[in-house]
Every structure is written in C-alpha cells, then in structure tokens.
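Here is a friendly walk through one protein model, meant to be read with the structure open beside you. Have the viewer ready, and follow along residue by residue.

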Amino acid sequence: MRIPYVPDPPPTASPEEAATVARIRARRAPRPLQPLDLALLHSPAVADGWNSFLGAVRTRASLAADLRELAVSRVAAVNRAWYEWAHHAPLAVAAGVDEGLVYGPGGVVGREGPLELGDGEASEGFSERQWAVLVYADEMTRNVQVREETFARLKGLFSEKEVVEITATVACYNCVSRFLVALDVGEKNGLGPDAAMAAH
C-alpha cells in the first residue's frame, strides 16, 4: 500500500463519520473491514459514497451472480487488479462458472488478451449470455467504446434494466480496480492471478 491504512477501528471526528463506518461495517458483515475500506476511510465522505454505490451494484441490483462476478473478474484481469481478482474469481466459481474456465493457464476469464464475440473455441463452456457479458466487459475496460456488434448481441440477450446493470457493474469495478492498482491496496500488484489467489 502506497499510503498507510487507517487504523481499525477507524478514528472518527464526528457522529456523521461514525455513522459512515457503521454503514460500511454493516455492508461487510460478517467479514471485518477490508484493506480497501481502510484505504478509502482516509476520506469518510468518499468512503460513504463508495459504499452506497458498491452496495447497490453488488447487493441490490437484479443481475444474476454468475454474470456479475464474470464481469467483475474480467475487469480485474484486463486491468491486472489482482487484489480484485482474488476476491471475485472465487465468487464466479461459487456462482456456478466452471473452475477451469476461470483459473489456470487455460482459464479464459483471467487471460489478458482481448475476447471476441466470434471466438467459438474460447467461448466453449460459457452460456451465450455469459460470453456476451465477458466480451462486453472486455471491450468497455480495454477500449471504453463498445462495438455496435457487441452491443447488439448484449441488447438481444438482456432487458434494458439488465443492460444498465451490466454496464454499471463493469464501470463500477473499473473504478474499483483503478483505485486498487494505483494505491497498491492489498499489496498484490505484479503478482499475477495465480500468486494473488495463493496469497488471498
């Protein structure tokens, strides 16, 4: 970490800051505050907004868990955000994604090269919806702009609400990964996916 983490329990200077810490603890429960929280809490106002946004994307949106965690894991792989990868790749597996498609040298989710809609060999083992989300997340993260063909495939498979939630998830976790990598939260920069998992 490039700056010190705040202590746990975090010091607070007002009832509002104490309420922010309580909200973050409630969202994390039963787990303790995470290194990301202890980095963000240098600025309680930012930590509070972050907690609300992440809470909405992770726990209040209607997107299926496998799709959400595939999107987050793909963002983490493209951005080399291995702290994020170590947290979310196991959640993708827990949500039913085949472990072999996520981990290891043949794992498609964690590979760094770009994904393509028409790559039948790479897409084998994923549902059509899962593959569309992975390619969309890849393009949003790698290029910002998404090709018309990719968006048309996504729109043909998902409702407008789901499209918004997929897009918000990818955008949200691009924000998360950039914060994590820039500050080296969790001290996993440069480890790679396998080492990050082993250190998790």
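Arg80 counts as partly exposed because its relative accessibility is 38%; the scale used here calls a residue buried under 20% relative accessible area, exposed over 50% and partly exposed in between, with a 1.4 Å probe and protein chains only. Arg80 sits in the loop between α4 and α5, where helices (H or I, at least four residues) and strands (E, at least two) are DSSP runs numbered from the N terminus. Although Arg80 is not a glycine, its phi is positive, about 55 degrees.

This is a predicted model, in which local features need pLDDT of at least 70 and side-chain atom pairs count only at pLDDT 80 or more, while totals for chains, interfaces and linings use all residues. Residues are numbered from 1 along each chain as its sequence is written, and side-chain values use heavy atoms, with hydrogens and water left out.

**Backbone features**

Asp184 is another residue other than glycine with a positive phi, near 55 degrees. You will find Asp184 in the loop between α10 and α11 (193-199), and Asp184 counts as buried because its relative accessible area is 17%.

Two cis peptide bonds are also worth a look. The bond from Asp8 to Pro9 is cis, with omega near 10 degrees, and Pro9 belongs to the segment before α1. Ala29 and Pro30 are joined by a cis peptide bond with omega of about 10 degrees; Pro30 is placed in the loop between α1 and α2.

Gly118 is in the loop between α6 (99-102) and α7 (120-123). Is Gly118 buried or exposed? Gly118 counts as exposed because its relative accessibility is 75%. From Gly118 to Arg58 there are 60 residues in sequence and 29 Å in space, C-alpha to C-alpha.

**The largest pocket**

Arg58 brings us to the largest pocket, where Arg28, Arg31, Arg58, His88 and Tyr173 lie nearest the centre of a lining of 17 residues. The elements giving two or more residues to this lining are α1 (15-28), α3 (44-60), α5 (82-94) and α10 (160-183). Of these, α5 gives the largest share, five residues. By residue type, the lining of the largest pocket has eight nonpolar, four polar and five charged members. In this scheme Ala, Val, Leu, Ile, Met, Phe, Trp, Tyr, Cys and Pro are nonpolar, Asp, Glu, Lys and Arg are charged, and the others, Gly among them, are polar.

**Pocket and cavities side by side**

The search runs on a 1 Å grid over the protein atoms alone: a cavity is a set of points where a 1.4 Å probe fits but cannot get out, a pocket is an open set with protein on both sides within 12 Å along at least five of seven lines, and lining residues have an atom within 4 Å of a point. Grid points are joined across faces, edges and corners, and a volume is the space filled by probe spheres set on the points. Across the whole structure, two cavities of 30 Å³ or more are found.

| Space | Volume |
|---|---|
| Largest pocket | about 350 Å³ |
| Largest cavity | about 40 Å³ |
| Second largest cavity | about 30 Å³ |

Which residues line the largest cavity? They are Ile24, Arg27, Arg28, Asp37, Leu40, Ala47, Trp50 and Asn51, and α1, α2 and α3 are the elements that give two or more residues. This lining divides into four nonpolar, one polar and three charged residues.

Around the second largest cavity are Ala81, Trp82, Tyr83, Leu180, Val181, Val185, Lys188 and Asn189. Here α5 and α10 each supply at least two residues, and the lining has six nonpolar, one polar and one charged residue.

**The nonpolar cores**

A nonpolar core is a set of buried Ala, Val, Leu, Ile, Met, Phe, Trp, Tyr and Cys residues joined through side-chain atoms within 4.5 Å. The largest such core has 34 residues, and Leu36, Leu154 and Tyr173 have the most contacts inside it. At least two residues each come from α1, α2 (35-40), α3, α4 (65-79), α8 (128-143) and α10, with α10 supplying the largest share, seven residues.

**The annotated span**

In the unreviewed UniProt entry, the annotation "domain: Carboxymuconolactone decarboxylase-like" covers residues 44-99. Residues 44-99 are 82% helix and 0% strand, and their end C-alpha atoms lie 37 Å apart.

Definitions and conventions. UniProt positions are given in the numbering used here, feature names are shortened, and annotations may be inferred rather than shown by experiment.
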